[in-house]
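Let's take a walk through this model together.

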Amino acid sequence: VGVKVFYRVAPRHKLALVRALQQKGEVVAMTGDGVNDATALKAADIGIAMGKGGTDVAKEAADVVLADDDFTTLTHAVAEGKGIFFNIRNFLSFQLSTSFAALGMESVATAFSLPSPLNAMQILWINIIMDGPPAQSLGVEPVDERILRAPPRKVTDPIVTRALLTRAVSSAALIMFLTLKVFANELDDGHVTRRDTTMTFMTFVNCDLFNAYACRSADKCFYEITPFSNPSFLWAMAFSVAGQFAVIYLPPLQSVFQTEALSLSDLSWIVCLSSTVLLLDTIRKKFLRQYCSDNSRKGRSLFGRRIKKKKKKKKGGAASTAKTTPSSPTAVTQATDDDDESDDDLDFTLIQSASKRKGANDATKRAAANKERDRVRALKRSEEKAKAEAAAKAEAAAAAQAVADAEALTRKEQQDAAMQAALASEAAAEEKKKAAAAAKGGHNGASVTANGESAPEATEEKKKKRKRKKKKGAAALALEESARPVLVKPAAPSGEQWETVPVVEEWNEVSHKKAKQKAKMDAAAAEAEANPAFLMDSDAAVDVDEEAGEVSVTVAAGDDPLIFIGKGGSTIQHLQQSTGARFNLDRVTKILTISGPEDCVQAGVVEAQAILAIEAERKANEAEERVTWGSDAIKAVIGRGGSNIRATQDATGVRIDADVEAGTLVIVGPADDVSTALTMCHNAAFGEVQDVLELGTRNAVNLVYGPSFQTIRSLQDTTGCKLDITRGSTTLKLAGSSEAVAEATAQIRALLEANRGFEMTIENSKVGAVYGKGGETLRSIQDRTGTQIDVTRGPTHATVSVMGTVESSSRARNMLQHAIDGEVELQPGEVAEEIELGSATAAVIGRRGSNVAELEKRHGVKINVRSELQKARVVGKPDAVAAAVKDITAIAKPIMDAEAAQKKADEAQESGESAWQVDVADDDADGW
């Protein structure tokens, strides 16, 4: 009967309703809070009691207790339940496909007597490590919003369905096929190698990972799934990929799993091949949904869309509405089909905001739900209305545009018709004028008949006019055509016409036409001069306008016709101004056309032939030189900002093409100029003369460089020779004129001779004393003496090389000797004092020099302890030195006194005397 609401029913009626729904095969959930709801809560499949306002009896009878009495909490629980169910199916689909693929692959290999594609360790790795994390992450996949809108499933629906098995088997078949194909391709000689199993192993794992991504949803294709909605899945995939690369590329794991490293091309091929798993999944979900989807149900699909059925005809032709009788205690409401359809489109999560308010009762919740539903319907109606209005406006605009286009076309046709009529009338007037002129001419010896035949003079004049019109230039023709519209010739008049015109009027008319035509030509020439158009294509050649008495001549422009143009058109402009002829160059056919008066054309031809002769002579004397010097030399030829190469080209008049990358240089021009330019380029790259000077040591190199490269720059400026020392070597390259190279060599040798210095050999143990802490001592000696010092270590001894003047070298020798001996140079106001330490040397030094460091810090002095001499030297201010000596003595004296007493006792024992024996004179004890 379509009853949806039962109001003020008794407990037995509630129980009856629950049992009736259960008999129809429905899963019944019952909510209640009172004692009278206990029987129905107990009988329902899911009894739900209120935690706050419910009685203890209702809570005991119920299966679920809502702690906050909020129906939204129940919706979240239902959503989680649905998500768990579908995630279990996705998990099973992935696990079954992987297991079927591994089992099928081994079975096929066994059936066809093939070697096993995977070894035992690889199979264990796939089952434990690769399948574990991705499969477990599928269990926490977020619930799809469309699943929340799906109707409840039947209790009898199994988890493993035929569609799930179909998906698992099809995926397993493809994985097995791809893996065996790779294995068969790699197994060429019939023997299984590490590469064969590694390629097979990697293919199976990649197919498995792609299959895991496809199993995240049973209905969505891989590009419809939100990639970052499940972070656990992404971490699991990252862990699996990292583990797989570790198994393949780490040597310790390679020996365990019998794998070897694969190249990038192998990995790319495997990824492309295994990605076809996603293609199969897309085809299955898009085109084979009815065979491979668990979500199709009779009358309603997974995502809540009703499969419409034919409506039953109702008596009276009208749908029944809800009726409420005030006197009756129970109200029965019947819902129409339209209400059902609107409810299907309403998301139940939209009513949660109203139900979350504190203190909301059932009536408030129902009112909020109804209000929300009305709001959604109003929004839909307003959207549909707005769309309809927009469509109507678009249609109206299109119609108005069509009307405007039609009116514009009509106006254009009318204007064209008016223009044609005006042209026709003007042509008729022109024809009458020509006929009158012909009649006047006939009176003076020229006649025109009705047949159109004319005298020879008139015929010759017409031919000249046609010829002039045909050969007019582009600029003049455009100007004339714009001034005079196209004429339409009317029908010839019937009958003969005779008219006499005075000769003077005829010459006046001709003179007027000549002046008019000359003015047009002057305007065209001015336009051409403002916009030079000396080049023209043969496909669109421009005729030359020849006046009476003008001629035109064509000249072959040669292989390089642009010689007549010149830089910026300067050559052809000069030719036109000097000769008075017009020059037109066709760059396709390489033909130069010269037109104008005969004498001007002859002068133009002479000039053109002279240019061609000069070009031929230049080409006859032209030579080409190609050299390969390397990139560095070419850079030197070019110079900074191209200054060198531009100067060479300007000085010699040749063309130079430099290729830095190829290291080549091409010089084209007259032979003599090419030779001169080549010499200049060679000098710019290498210098006129080259020499090499071996400096020998790094000290000599530093000496030639000087502080901040001042010495080498001074040598280059004074001698004009280029000096270069390759980094890391001791070879000096000199380039320049012979005099400059000789002078630079002499100055460098003199510099080295004046700073010859000396060499000294020390033990390797003394090198630290020469360098000092952080090289401080060595830098100090070099700065204070101006010498260059280099220390070269050997197996047991080191060589100290010093370069500088005699005086500076002597000072450096003394300072080095002091450093080697451990002496510290005294500064003004300082004193030095030596202390004998004896056997107390180690005690004064302390553990790792701790005592010496402490004494230096405490007194502000410098203490140098020489263990081999058992002496300590203290340098500093007098009072500080005295205090430090006192502390050192306090440390050393007890040890030295004990050593002296021990030595005296040893001597007494060796002489036979007792250490306790005393002289009789000194014995003042009584009673002994």
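Asparagine 36 touches Pro11 and Lys14, leaving aside residues up to four places away in sequence; contact here means heavy atoms within 4.5 Å. Asparagine 36 and lysine 14 are 22 residues apart in sequence, and their C-alpha atoms are 9.3 Å apart in space. You'll find asparagine 36 in the loop between strand 1 and helix 2 (38–43). Helices (H or I, at least four residues) and strands (E, at least two) are DSSP runs, numbered from the N terminus.

A quick word on the ground rules. This is a predicted model, where local features need pLDDT of at least 70 and side-chain atom pairs count only at pLDDT 80 or more, while totals for chains, interfaces and linings use all residues. Residues are numbered from 1 along each chain as its sequence is written, and side-chain values use heavy atoms, with hydrogens and water left out.

Now for the sheets. Strands of a sheet pair through backbone hydrogen bonds, either parallel or antiparallel. Here, two strands pair if DSSP finds at least two bridges between them. Four bridges join strand 1 to strand 2, and three join strand 2 (residues 46–50) to strand 3. Look at isoleucine 48 in strand 2: it is the bridge partner of threonine 31, and isoleucine 48 also stands opposite valine 64 in strand 3. Strand 2 is mostly covered, with four of its five residues buried.

Another open sheet has three strands in the order 17-19-18, and its pairing is antiparallel. Five bridges join strand 18 to strand 19 (residues 871–876), and lysine 862 stands opposite valine 875 in strand 19.

Next, the inside. A nonpolar core is a set of buried Ala, Val, Leu, Ile, Met, Phe, Trp, Tyr and Cys residues joined through side-chain atoms within 4.5 Å. The largest one has 35 residues, and Phe201 and Leu262 touch the most other members. Helix 9 gives the most to this core, with nine residues. Leucine 262 has contacts that include Arg195, Met199, Ile248 and Leu267.

Finally, the rings. Rings of Phe, Tyr and Trp (its six-membered ring) pair if their centres lie within 6.5 Å; planes under 30 degrees apart count as stacked, over 60 as edge-to-face and the rest as tilted. That rule gives five aromatic pairs. One of them is phenylalanine 85 with phenylalanine 86, edge-to-face at 5.6 Å centre to centre and 85 degrees between the planes. Both phenylalanine 85 and phenylalanine 86 are buried. Tyrosine 705 and phenylalanine 709 also pair edge-to-face, at 5.1 Å and 80 degrees. Phenylalanine 709 is partly exposed, at 42% relative accessibility.

Technical notes:
Buried means under 20% relative accessible area, exposed over 50%, partly exposed in between (1.4 Å probe, protein chains only).
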